[in-house]
Structures are given as C-alpha cells and as structure tokens.
There are 2 protein chains.
Amino acid sequence: MNLDDKILDALRDGGEIYTSGEDLCKLSGISRTAIWKRIEKMREEGYGITASPHLGYRLTAIPDALIPCEIKWKLKTKIIGREIISYKKVDSTNTVAYELAEKGLREGAVIFTESQVKGKGRLGRMWYSPSGCNIYMSCILRPKMTPNEIPKITLIAAVAVAKAIRDFTGLDAMIKWPNDILINGKKVCGILTEMKAEQDRVDFIVLGIGVNVNSKSRDLPAGGSSLLDESRKICMCGDLSRVELAKKLLESLEEHYNILKDKGSPAIIDEWKALSATLGSRVRVVLPGRSFEADAHNIDPDGALVVRLDSGILEKVLSGDVLMVR
Amino acid sequence: MNLDDKILDALRDGGEIYTSGEDLCKLSGISRTAIWKRIEKMREEGYGITASPHLGYRLTAIPDALIPCEIKWKLKTKIIGREIISYKKVDSTNTVAYELAEKGLREGAVIFTESQVKGKGRLGRMWYSPSGCNIYMSCILRPKMTPNEIPKITLIAAVAVAKAIRDFTGLDAMIKWPNDILINGKKVCGILTEMKAEQDRVDFIVLGIGVNVNSKSRDLPAGGSSLLDESRKICMCGDLSRVELAKKLLESLEEHYNILKDKGSPAIIDEWKALSATLGSRVRVVLPGRSFEADAHNIDPDGALVVRLDSGILEKVLSGDVLMVR
C-alpha cells in the first residue's frame with residue numbers, strides 16, 4: 001500500500017471525525033508539509049478534504065475516478081487489479097497494456113483511462129471513447145495456452161462482464177457472439193482480445209473492455225447505448241458509479257478466469273449459453289468474401305459459434321461478423 | 001534503387017574496365033566529392049574498389065555481408081526482401097522486426113543481422129548467434145489469417161528453407177517437426193514464428209530464421225552443426241556465401257508463401273512429408289505436465305503432428321517438444 005492509500009484509508013476510517021496531522025505523520029512517516037502537499041494533490045484528483053488548523057483533516061467527498069486508490073479500496077481479488085495504472089488520456093488502453101506487457105508487466109495488471117484518442121474495436125475498428133463518463137480498461141493475462149485457445153478468454157470474459165453488469169444494474173445484459181454485451185438489444189460494452197504468441201505458446205494476452213456507463217446514447221454510434229440510459233428506462237437514477245462497476249468487473253473476471261484455469265472452458269459454456277443473445281436467432285454471417293444466413297445453433301468449448309445452414313449442415317464460425325436478422 | 005546501389009551496379013557492369021568518376025556523377029546526379037565519400041563508405045563495408053586518378057573506379061572484391069545492396073542484387077522476388085534492413089548487432093532480429101511491424105513496416109520487409117545478443121529460439125529458449133558467419137533474419141508477413149492458422153506459416157517456411165538449403169548445398173536437409181532443419185540428424189537451422197493477433201485476425205507475423213552457415217560445429221550447442229561442416233564431410237570447400245543462400249531463402253519463401261495463399265496448405269503437405277525427418281519415427285512427445293512415446297504418423301493440413309499411441313489411438317500434437325527416440 002502506498003502513502004496516499006494509507007492517508008486515504010485513515011481519513012476513510014475517521015468518517016466525520018477529523019484525523020490530526022500528527023496522526024497522519026506517524027502512520028505515513030512523512031512530515032506535516034509533505035502531508036499537506038499530498039492532500040493538495042488528492043484534492044486535484046477530486047477528493048473533498050476539509051482541513052482545520054486545530055483538528056486536522058476530514059474526507060467530505062470521494063471522486064468517481066478510475067484511479068488505483070479508489071478501485072483497490074476493498075477490492076476482493078488476488079491477481080486481477082492488484083496492480084492498477086491509471087491515465088487521464090491514452091491512444092488506447094490495449095496499446096498501452098500491450099507495450100507494458102512486452103516490457104514484462106505481470107499478469108493481472110490493469111490499465112484504466114478516462115478517455116481514449118484512438119479507442120480500438122474489433123477488426124481494426126474504432127471504439128468511441130468520450131472522457132470521464134465510461135470505463136476503458138485493459139488487463140494483462142499470461143495463461144499457459146496455445147494461440148488457438150484464445151477464444152476461450154473472450155468467452156469467459158463475456159460471461160464475467162455480462163454477470164458483473166447484471167449484478168451492478170439489475171438489467172438483463174446478454175452476450176452477442178463473440179465479444180459484445182447488449183442490453184435491450186443495444187450494445188453497451190465491447191471486448192477486444194489481443195495477444196502476442198509463438199506458434200504454440202501464448203506470450204501474453206491483453207483483454208480490453210470498454211463499457212458505456214454514463215455516456216448519452218444519442219452521442220454513441222448507432223445501435224449503442226449506455227448502462228445509465230438503459231437504467232433510466234426503469235427508474236430515474238443519477239450517474240452510475242464507475243468505480244463500483246470497475247471493482248465488480250475485476251472480481252468477476254478473476255472468478256471466471258480461475259474457473260477456466262481450474263476446470264476448463266466447458267465449465268463456463270452453460271452460463272455462456274444462458275446469457276447468449278445469439279443462440280436460437282437467425283443470423284447473417286459475414287466472412288471475408290462471402291456472407292450467408294443461418295441459424296445460430298450452438299457454441300463449442302473452443303469458443304467457436306456453430307451455425308446450421310439452410311441445407312441442414314452445421315458450420316463452425318471462428319471469425320467474421322455475425323449480425324442478428326430481424 | 002538508392003544511389004549506392006546505382007554506383008555498385010555501374011561498377012559491377014564495368015567488370016574489369018574502370019568506370020570514370022564523371023560517368024558515376026552523371027548516373028547518380030551527385031558531385032565527384034560525394035561519389036568519393038560513398039566509395040569510402042563502401043570500402044568500409046568490405047567492397048574492394050580500386051581508384052585510379054585518370055581512369056576512375058573498378059570493383060575488385062565483393063563482401064559476403066548481409067547488406068541490402070548485396071542481397072537485393074538480382075534478387076528474383078516481388079514481395080519478400082524488396083525492403084531489407086541490415087544491422088551489425090541486435091538483441092534479436094525477431095524483436096526488431098516485431099517492433100517495426102507494430103509501427104507499420106510492410107509485408108515482405110526483412111531484417112538481417114551479423115550477430116544477435118539475445119537470439120531467440122522456440123519456447124523462450126536462446127539461439128546461439130556468433131558474429132559474421134551465419135544468417136539471422138526475420139521477415140514480416142501480413143497474411144489474411146486467423147491465429148489458429150499460424151502453424152501453416154511454419155509449415156511452408158520449413159519446406160521453403162529445407163529446399164533452399166538443399167538447392168544451395170546439395171545436402172539432404174530434412175524437417176524435424178515443427179520448426180527445425182536437420183542435416184545428417186544435426187540441427188543446422190531453426191524457425192521461430194511469432195505473431196500479433198486479435199482473437200480472429202492475425203495483425204502480423206514475424207518469421208525468424210537462423211541458419212548455421214559457416215560456424216564451427218564444435219562451437220555450437222550439442223546436436224547442432226553448420227552447413228559448412230556438413231558440406232566438408234563430402235568435399236573440401238571454403239566458406240559458403242551467406243549472400244547467395246540468403247537470396248535463395250527469400251526466393252523460396254516467396255514461392256511457397258504464394259502457393260499457400262493461392263492453393264492453401266494442402267498443396268504443400270506432400271512436399272513437407274517427403275522432407276520430414278519426423279514421420280515414421282518413434283518419438284517422445286513432451287507436453288507441459290506429461291510426456292509419452294508414440295509413432296509419428298502424419299501431419300495434417302493445419303500443421304499439427306498426428307501421432308499414433310501404443311493403444312492405437314491417434315492424437316494431434318499442436319505444441320510442445322517432439323524428440324526422436326533412437
């Protein structure tokens with residue numbers, strides 16, 4: 001735990017009671033002036049901290065900012081999110097995480113940012129990333145896997161994210177194969193899995209997750225919505241806490257990643273199927289150079305979508321786009 | 001073609017006849033002083049160039065250096081090797097090529113080096129890379145592929161490299177699955193295929209090839225040999241030309257890469273089988289956590305090795321080590 005975390009913890013524990021500068025000096029081992037400087041910096045990050053010359057400091061407001069000391073506070077994970085690096089603005093959290101993973105950043109480290117200049121979607125597409133209202137995060141994983149197993153990571157990530165969103169909002173989040181989360185048929189979240197690998201060994205995986213939390217649907221690309229806008233169809237609520245959702249995402253990711261490691265992907269397939277918006281639907285499969293309609297029939301433990309052609313033949317879809325046909 | 005290439009081409013065309021400084025100025029469009037400076041630089045690279053005050057310049061020796069103007073000279077490829085970047089020393093050509101590919105370096109670009117500080121082998125191992133005697137190269141490929149197709153690249157590369165070495169040395173180069181080239185049962189070449197990929201789309205592949213050309217077997221790790229040492233078992237020959245072999249490697253790679261793109265991997269499987277040192281052998285398969293003996297039975301078009309267990313069951317081997325059992 002770093003010094004800022006120690007100071008914040010003390011203020012949190014203090015509640016409405018002031019904590020004296022002297023006590024903060026003792027627990028942090030730094031001078032009163034150094035404490036003051038750190039308090040000033042925390043205020044810049046959005047913390048409300050009241051200072052009284054005789055009484056000390058008191059916490060009056062906590063920012064909903066995607067910063068380590070907030071996300072790590074009471075986070076119930078052992079690996080994922082134990083190291084968090086936060087930015088105000090980056091090109092793309094996947095790009096940053098990829099570069100850091102190449103330099104050896106450990107499994108479970110997570111990059112968060114308030115906004116992305118070149119947010120990445122699947123197949124080289126953009127991910128719309130306005131500032132301060134959504135979650136953009138990338139997690140470094142280093143599983144012992146071959147490259148052809150990577151769809152399993154997207155599979156468990158989709159289940160983990162859909163369940164975290166359900167738990168957090170109470171809304172029926174569904175999975176659209178392979179990597180979108182829908183609510184009421186609208187896209188609220190995308191998952192982008194990238195890797196560095198040898199022919200038969202994954203070096204690392206960067207699991208990127210973008211969630212439209214509080215952004216306005218009218219500002220999002222067609223077909224998109226946000227958790228806030230979908231929540232407001234049920235009740236009038238204020239902005240959702242990104243920090244609380246981020247914690248749930250990390251905890252759910254760790255839980256499902258552990259299931260994958262301990263029991264393999266078959267242990268998660270049933271949950272995936274139960275959450276699927278794709279299975280049972282009529283779909284249009286768009287591959288490079290060809291496209292066809294079929295019925296989405298099943299998902300196999302490797303993460304491939306199995307569709308039934310009108311001829312009755314089953315075909316595995318490993319890549320490409322799958323559009324739901326009305 | 002750059003200026004150095006133009007000047008060298010003129011000197012090559014001149015043969016034993018001097019080419020006047022004036023002619024070189026005309027064809028290159030630079031001053032006599034600038035020509036002189038470039039000639040000096042070429043001498044540093046190992047070219048023998050005789051200068052006569054009245055007659056001009058004459059080429060007397062060409063270095064066997066892995067530099068663009070030598071490798072590109074009469075190179076018969078359209079894509080692979082049309083861009084060549086050469087180094088004296090790098091950590092690893094795969095690392096350099098990977099970084100350049102991330103910055104957008106085009107398909108077919110090839111990195112060569114005279115020595116590697118941290119030459120990379122498969123599964124995180126080292127590749128012994130002494131200076132000035134061998135070939136260390138990495139080629140950037142950008143095929144439209146899914147990540148699980150990457151073994152096909154190793155497959156065609158192994159065939160391409162084995163055939164280039166056979167053509168160049170006359171020796172019976174064989175393929176040991178998945179990525180080694182053997183002569184007389186000794187390893188003379190390794191292939192390391194790395195990629196950056198999304199779940200369902202390869203971004204780029206870095207195909208690394210290390211060939212022991214003129215190094216001494218006694219300096220190589222156990223089980224290794226060089227083309228020169230294996231050649232000397234048949235005839236007394238001097239050092240082999242790395243530049244000529246490099247050209248053959250690039251040409252053979254392009255030929256087989258085109259076959260893969262046009263006709264798919266089944267078109268190369270038969271050649272692979274004919275060159276295989278593994279098929280028909282008793283092998284020990286070493287996987288993470290288990291190891292077993294079996295008969296190497298077949299290779300499938302995806303690049304997997306199919307082994308027959310003693311129970312008669314066929315099993316696909318996608319990763320791990322396959323040792324030949326005596």
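Good morning. In this structure, 23 residues of chain A are in contact with 23 residues of chain B, where contact means that the C-beta atoms of two residues, placed from the backbone, lie within 7 Å. This is a predicted model, in which local features need pLDDT of at least 70 and side-chain atom pairs count only at pLDDT 80 or more, while totals for chains, interfaces and linings use all residues. Residues are numbered from 1 along each chain as its sequence is written, and chains are lettered from A and ligands numbered from 1 in the order in which they are written.

Let us stay with the interface. On the side of chain A that touches chain B, α6 (150-169) and β8 of chain A each supply at least two residues. Here helices are DSSP runs of H or I with at least four residues, and strands are runs of E with at least two, numbered from the N terminus. The most is given by β8(A), with seven residues. By class, this side of chain A has 10 nonpolar, six polar and seven charged residues. Ala, Val, Leu, Ile, Met, Phe, Trp, Tyr, Cys and Pro count as nonpolar, Asp, Glu, Lys and Arg as charged, and the others, Gly among them, as polar.

How do β8(A) and β8 of chain B pair? They do so in the antiparallel sense over five bridges; strands pair if DSSP finds at least two bridges between them. Within this pairing, Ala197(A) stands opposite Met195(B).

I turn now to two helices of chain A. Helix α1 (residues 3-14) and helix α2 (residues 21-28) of chain A pack at an angle of about 140°, with their axes 10 Å apart. That makes α1(A) oblique to α2(A), since angles under 35 degrees count as roughly parallel, over 145 as roughly antiparallel, 65 to 115 as roughly perpendicular and the rest as oblique. The axes are lines fitted to C-alpha atoms, for helices over the stretch in contact, and angles run from 0 to 180 degrees between N-to-C directions. From α1(A), Leu3(A), Lys6(A), Ile7(A) and Ala10(A) meet Asp23(A), Leu24(A), Leu27(A) and Ser28(A) of α2(A). This contact has five nonpolar, one polar and two charged residues.

Finally, consider a hairpin in chain B. Strands β1(B) and β2(B) form it with three residues between them. These antiparallel strands, residues 48-52 and 56-61, are joined by five bridges, and Gly48(B) has Ala61(B) as its bridge partner in β2(B). Thank you.
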